[in-house]
Amino acid sequence: MSKNPIHVIGGGLAGSEAAWQIAEAGVPVVLHEMRPVRGTDAHKTDGLAELVCSNSFRSDDAENNAVGLLHAEMRLAGSLIMSAGDANQVPAGGALAVDRDGFSDAVTAKIEAHPLITIQREEVPGLPPEDWDQAIIATGPLTAPSLAQSIAEATGADALAFFDAIAPIVHFDTIDMNTAWFQSRYDKVGPGGTGKDYINCPMDKDQYLAFVAALLEGQKTEFKQWEGTPYFDGCLPIEVMAERGVETLRYGPMKPMGLTNVHNPTVKAYAVVQLRQDNALGTLYNMVGFQTKLKHAEQVRIFRTIPGLANADFARLGGLHRNTYINSPTLLDPSLQLKSRPGLRFAGQITGCEGYVESAAIGLLAGRFAAAERLGEAPSLPPSTTAFGALLNHITGGHIVSDDEPGKRSFQPMNVNFGLFPPVEAPKAEGKRLRGKDKTVAKRHAITSRALADCRQWLGLPARAEAAE
């Protein structure tokens, strides 16, 4: 029996994942991607799932970290994004980081080769036409203005926007390794890593204070049209963090904890700048947490004052791009469907989730929901105890609107985190009452164990067999 295709608008992580899930369910897909017909301020290629910010999918620890748990659930669900990420990983301590070009190439090749997926390189300027009875908008933070305007007009609500910032990338062979050294924080070993996966550049107190002063005084790019746009706290520009207090960076991306300078082991650094491998060849490293709106010349001048980077050659300097998202708790039903137009779903960052993995996960869910409806079935919602369900619930209904400020848009993008999960009691150790850190760890393990078991059941997978001994 022939089936009408489901249209997916946007070939980023969410759109690519949605298209893959739909096609794997046996339903044809038309994936609309406007690049290269129309470019964006941040993309450099026409590849699907291009990573325009960091190359990290963050922690891969499924037992102690919520995003690591989401990784595991996505792998169980046959995620294209996770399989491409796993196949193109580069060392990054406890994180899963990827070679950005290899990753995009892998996603593009898989999508192009799937017999049920058709790629159309074109801009969709407005909402999908009515004869696209099943469609997903996954246009992400760089939604074209004409489509954003159409969405605003259809929903009766203006899209909210903020700036996402991009961190600079440095050529490895221009880093002074007589000053810097390789080490992961606390020597933690992650997927594909050795425990020495970051390059660390130390600062003493005077160097740190001078660096903070330079950040505050440096010339910034102006965005007159968008002044006052709120930043997402998980991706603040480095100079905005500096404005919050002279010590802020030392307790953020420049914290010196868990690191020992191999060149001078007896002296503790006052602050540390970390760089993470950005490509499989190990020729490029990105400056962790150094997203910025400093002008390019200022970036070169200021960042070369960092010990170890005096002669740094930058493969890419930092920048900012606009991010647009909708008021999802008001506009979407629990299956990511626009309440005012059945059959039209939203996925990815435009829904108000934040992060590569979260965006892809929402794309995965939207694809599954749309495919189920095309096959005559009701969408099966993931349990709230899973990472899928916790993130979905935040987007579609878990947000509390303050009664003190009627009409105020307080819904903000969020990464998946344990605070979104239903509470669970920490298991009691025999003859011992857990307290403090031990209790926190036990609770996390209980949440993740429950989540993976419930996710397997939701997906119709056999329960995980316990070891015989």
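**Salt bridges, strands and a charged patch**

Okay, let's start with Glu298, which makes a salt bridge to Arg301, with the closest N and O atoms 2.9 Å apart. By salt bridge I mean a side-chain nitrogen of Lys or Arg within 4 Å of a carboxyl oxygen of Asp or Glu. Before going on: this is a predicted model, where local features need pLDDT of at least 70, side-chain atom pairs count only at pLDDT 80 or more, and totals for chains, interfaces and linings use all residues. Residues are numbered from 1 along each chain as its sequence is written, and side-chain values use heavy atoms, with hydrogens and water left out.

Back to that pair. Glu298 and Arg301 both sit in helix H8 (residues 296-303), three residues apart, so about one turn of the helix. Helices here are DSSP runs of H or I with at least four residues, strands are E runs of at least two, and both are numbered from the N terminus. Glu298 counts as buried at 12% relative accessibility, while Arg301, at 46%, counts as partly exposed. Buried means under 20% relative accessible area, exposed means over 50%, and partly exposed is in between, using a 1.4 Å probe and protein chains only.

How many salt bridges do we get by this rule? The count comes to eight. Another of them is Asp278 with Arg100, where the closest N and O atoms are 2.7 Å apart. That one links distant parts of the chain, 178 residues apart: Asp278 is in the loop between strand S12 (271-277) and strand S13 (284-287), and Arg100 is in helix H4 (residues 100-113). Asp278 is buried at 2% relative accessible area, and Arg100 is buried too, at 12%.

Then there's Glu373 with Arg345, closest N and O atoms 3.1 Å apart. Here the partners are 28 residues apart and again link distant parts of the chain, with Glu373 in helix H10 (residues 356-374) and Arg345 in strand S16 (residues 344-346). Is Arg345 buried or exposed? It's buried, at 0% relative accessibility, whereas Glu373 is partly exposed at 28%. There's also a network: Asp60, Arg75 and Asp86 are joined by salt bridges that share partners.

Now the strands. Strand S2 (residues 29-33) has five of its five residues buried, so it's largely enclosed by the rest of the structure. Both faces are covered, with Val29, Leu31 and Glu33 buried on one side and Val30 and His32 buried on the other. S2 runs parallel to strand S1 (residues 6-9), and four bridges join them. Two strands count as paired if DSSP finds at least two bridges between them.

Elsewhere, three strands make an open sheet in the order S3-S5-S4, with antiparallel pairing. Its edges are strand S3 (56-59) and strand S4 (89-90), each pairing on one side only. S4 is joined to strand S5 (residues 95-98) by two bridges, running antiparallel, and Val90 stands opposite Ala97 in S5.

Last thing, the surface. Lys428, Arg433, Arg435, Lys439 and Lys443 form a positive patch. Patch members have over 30% relative accessible area and no salt bridge, with like charges joined within 9 Å. Lys428 lies in the loop between helix H11 (387-396) and helix H12 (436-459), and it's exposed, at 80% relative accessible area.

Conventions: Patches are made of residues with over 30% relative accessible area and no salt bridge: like charges are joined within 9 Å, nonpolar side chains (Val, Leu, Ile, Met, Phe, Trp, Tyr) within 5 Å. Accessible areas come from the Shrake-Rupley method with a 1.4 Å probe; for residues, only the protein chains shown count as cover. Lys and Arg count as positive and Asp and Glu as negative; His and the chain ends are not counted. The place of a charge is taken as NZ of Lys, CZ of Arg, CG of Asp or CD of Glu.
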